[in-house]
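I opened my notebook to look up a few things in one structure. Here is what I went through.

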Amino acid sequence: MTIQENKNCEQRIQESMDYTELHIKAMFAVAHNEIDDLDDEDSDDMEVLKYINTNDVNDTDIYEYALGTDIHKSHRIHLSTGGPASFIEVITDDQDNIENVYYHFQDWFDGAKRKVDETSPIYRYAMMMLETNN
């Protein structure tokens with residue numbers, strides 16, 4: 001993967017995702033003894049084999065790859081349906097502490113989302129609804 005500082009993340013994400021898929025496919029192949037299942041006639045499989053051979057992938061890498069995991073829950077408070085529709089999305093952690101609140105507005109084939117400030121009545125309403133339903 002090459003770093004291209006003159007491009008923004010939207011322009012760079014596909015290259016990063018492709019590299020991550022290659023890396024994970026290689027780790028699965030090694031960890032689950034699937035190397036023999038790779039087809040040396042298939043260009044994608046050949047790329048995986050090359051990656052394994054040049055990057056010293058071992059059978060425990062897949063278990064050590066992630067830096068960690070976070071739990072986030074998404075709650076939707078539906079305010080209106082149809083066209084237009086609106087709802088409040090509340091993102092909480094595993095202890096149900098609010099991390100973010102978003103207001104969504106959707107109409108036919110279109111939609112918009114705004115982050116809600118903690119001082120907004122929408123945020124206060126979202127807090128009340130979560131407390132009522134928990």
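Which helix does Asp-45 lie in? I found Asp-45 in helix H2, which covers residues 43-55. I noted at the start that this is a predicted model.

Entry on Asp-45. Next I looked for a partner. The side chain of Asp-45 makes a polar contact with the side chain of Lys-25, at 3.2 Å. I then listed what Asp-45 touches, leaving out residues up to four places away in sequence. The list is Lys-25, Asp-37, Leu-38 and Asp-39.

Entry on the core. I looked up the largest nonpolar core, and it has 13 residues. Ala-26, Leu-38, Val-48, Tyr-51, Ile-52 and Val-57 have the most contacts inside it. Helices H1 (9-31) and H2 each supply at least two residues of this core. H1 gives the most, with 6 residues. I picked Ala-26 and set aside its neighbours within four places in sequence. Ala-26 is in contact with Val-48, Tyr-51, Ile-52 and Val-57. I also found a second, separate core of 8 residues. Ile-77, Val-101, Tyr-123 and Leu-130 are among them.

Entry on the pocket. What is the volume of the largest pocket? I read about 150 Å³. Its lining is Asp-18, Tyr-19, Glu-21, Leu-22, Lys-25, Asp-44, Glu-47 and Val-48. H1 gives the most to this lining, with 5 residues. By class, I noted 3 nonpolar, no polar and 5 charged residues in the lining.

Note on methods. Residues numbered from 1 in each chain as written. Predicted model: local features only at pLDDT ≥ 70, side-chain atom pairs only at ≥ 80, totals over all residues. Heavy atoms only, no water. Helix = DSSP H or I, 4+ residues; strand = E, 2+ residues; numbered from the N terminus. Polar contact = N/O pair within 3.5 Å; in protein donor to acceptor, adjacent residues only side chain to side chain. Contact = heavy atoms within 4.5 Å. Core = buried A, V, L, I, M, F, W, Y, C linked by side-chain atoms within 4.5 Å. Buried < 20%, exposed > 50% of the residue type's maximum accessible area, 1.4 Å probe, protein only. 1 Å grid on protein atoms, 1.4 Å probe; cavity = no way out; pocket = protein on both sides within 12 Å on 5 of 7 lines; lining within 4 Å. Points joined across faces, edges and corners; volume = space filled by probe spheres on them. Nonpolar A, V, L, I, M, F, W, Y, C, P; charged D, E, K, R; others polar.
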